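Trainee: I would like to go through the labels used for this protein and ask what stands behind each one. Could we start once the model is on screen?

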Amino acid sequence: MATRISRDAPEPLHVQIAASFREDILGGRWPAHYKLPPEPELAEQLGVSRGTLRKALALLIDEGLLVQTRGRGTFVTAGVLEPQIAQRLHSLSEDFRAQGYALDVQVVSARLEGMQMAVQALLGAPPGTPGLRLVRVFRGAQGPLAYLVNWVRADLCPGVEDVDFEHNSLFDVLEKSYQLPVAEGRRTFSAEPAREDVAEALEIPTGTPVLYLEQVTYTRDGQAVEYSDVWINSTAVKVTSLLTR
């Protein structure tokens, strides 16, 4: 990163840094929810003071490209307004069962694969890190309720590909088998037309509106451990948030 700024340029260093980060975000190299390195590490990489770095971050926060969470760090925003709903970090299976759904979990596949670059970046994984790609369908008495594709850092969970996820919750496995306490997550909701694989899994016509949920899950020490894409059958399930003021 340090090679992308120049002390001889007429623009102040923090403006150059902001421009460089902006290029990374808008160019897709830093995807939505990407967590920036800690400020001391980032400032050292850039060869600038933390004060200069903070000025650059402040510019991008004002533009809505970054968001800071106290005690958690700095993240790339989703690019749209993110209402803070569903504040309790439960697994989807826990949420369904809490609402009275008799849930049956079908594991479509569970195998180690090379992670996509965007997923790798969101999980803060070094290049070449193996990931468990876990594909499941949650079914209730009404039929399919949700289609899930989870990515888990397999380097943090050796042997996770052999776990029986039809009878074990992913969060339970992370916490009890691998001592990775799930503490926080970032969720983005949007409405989407069901693409072909989603429609097939949910047994609905292609193009039917579904609720799409993207999530990154973190341990208590801030380690990103799991990424998920979830499509909820909005013809069978209504998502409700209970809010207090």
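Mentor: Keep in mind that this is a predicted model.

Trainee: Why is glutamate 39 called buried?

Mentor: The relative accessible area of glutamate 39 is 18%. Buried means under 20%, so glutamate 39 falls on the buried side of the cut-off.

Trainee: Which residues is glutamate 39 in contact with, leaving aside its neighbours within four places in sequence?

Mentor: Those residues are Arg50, Leu53, Arg54, Leu57 and Gln68. As for distance along the chain and in space, glutamate 39 and glycine 51 are 12 residues apart in sequence, and their C-alpha atoms are 9.8 Å apart.

Trainee: What makes H2 and H3 roughly perpendicular to each other?

Mentor: Their axes cross at roughly 100° and come within 9 Å. The class of roughly perpendicular runs from 65 to 115 degrees, and the crossing angle of H2 and H3 lies in that range, therefore the label applies.

Trainee: Which residues of H2 and H3 meet?

Mentor: On the H2 side they are Glu39, Pro40, Leu42, Ala43 and Leu46, and on the H3 side Arg50, Leu53, Arg54 and Leu57. By type, this contact of H2 with H3 has six nonpolar residues, three charged and no polar.

Trainee: Let us turn to the loops. What makes phi of histidine 33 worth a remark?

Mentor: Most residues other than glycine have a negative phi. For histidine 33, phi is near 80°, a positive value, and the residue is not glycine. Histidine 33 lies in the loop between H1 and H2.

Trainee: How do you know whether histidine 33 is buried or exposed?

Mentor: Its relative accessibility is 0%, and buried means under 20%, so histidine 33 counts as buried.

Trainee: Where is glutamine 179, and what is its phi?

Mentor: Glutamine 179 is in the loop between helix H6 (170–177) and strand S6 (182–193). Its phi is positive, about 50°, although glutamine 179 is not a glycine.

Trainee: Why is glutamine 179 called exposed?

Mentor: Exposed means over 50% relative accessible area. Glutamine 179 has 57%, so it passes that cut-off.

Trainee: How do you know that proline 127 is exposed?

Mentor: Proline 127 has a relative accessible area of 73%, which is over 50%, so it is exposed. Proline 127 belongs to the loop between helix H5 (117–122) and strand S4 (130–140). Its C-alpha atom is separated by 9.3 Å from that of glycine 114, 13 residues apart along the chain.

Trainee: What makes proline 144 buried?

Mentor: Proline 144 is in strand S5, residues 143–153. Its relative accessibility is 5%, and the limit for buried is under 20%, so proline 144 counts as buried. Beyond four places in sequence, proline 144 touches Val137, Phe138, Arg139, Ala201, Leu202, Glu203 and Asn233.

Trainee: Why does serine 109 count as buried?

Mentor: At 14% relative accessibility, serine 109 is under the 20% limit, so the label is buried. Serine 109 lies in strand S3, residues 104–114, and apart from neighbours within four places in sequence, it contacts Arg133, Leu134 and Val135.

Trainee: How many helices and strands does the protein have, and what share of its residues counts as buried?

Mentor: There are seven helices and eight strands, and 44% of the 245 residues count as buried.

Conventions:
Residues are numbered from 1 along each chain as its sequence is written. This is a predicted model: local features need pLDDT of at least 70, side-chain atom pairs count only at pLDDT 80 or more; totals for chains, interfaces and linings use all residues. Side-chain values use heavy atoms; hydrogens and water are left out. Helices (H or I, at least four residues) and strands (E, at least two) are DSSP runs, numbered from the N terminus. Buried means under 20% relative accessible area, exposed over 50%, partly exposed in between (1.4 Å probe, protein chains only). Contact means heavy atoms within 4.5 Å. Axes are lines fitted to C-alpha atoms, for helices over the stretch in contact, and angles run from 0 to 180 degrees between N-to-C directions. Angles under 35 degrees count as roughly parallel, over 145 as roughly antiparallel, 65 to 115 as roughly perpendicular and the rest as oblique. Ala, Val, Leu, Ile, Met, Phe, Trp, Tyr, Cys and Pro count as nonpolar, Asp, Glu, Lys and Arg as charged, and the others, Gly among them, as polar.
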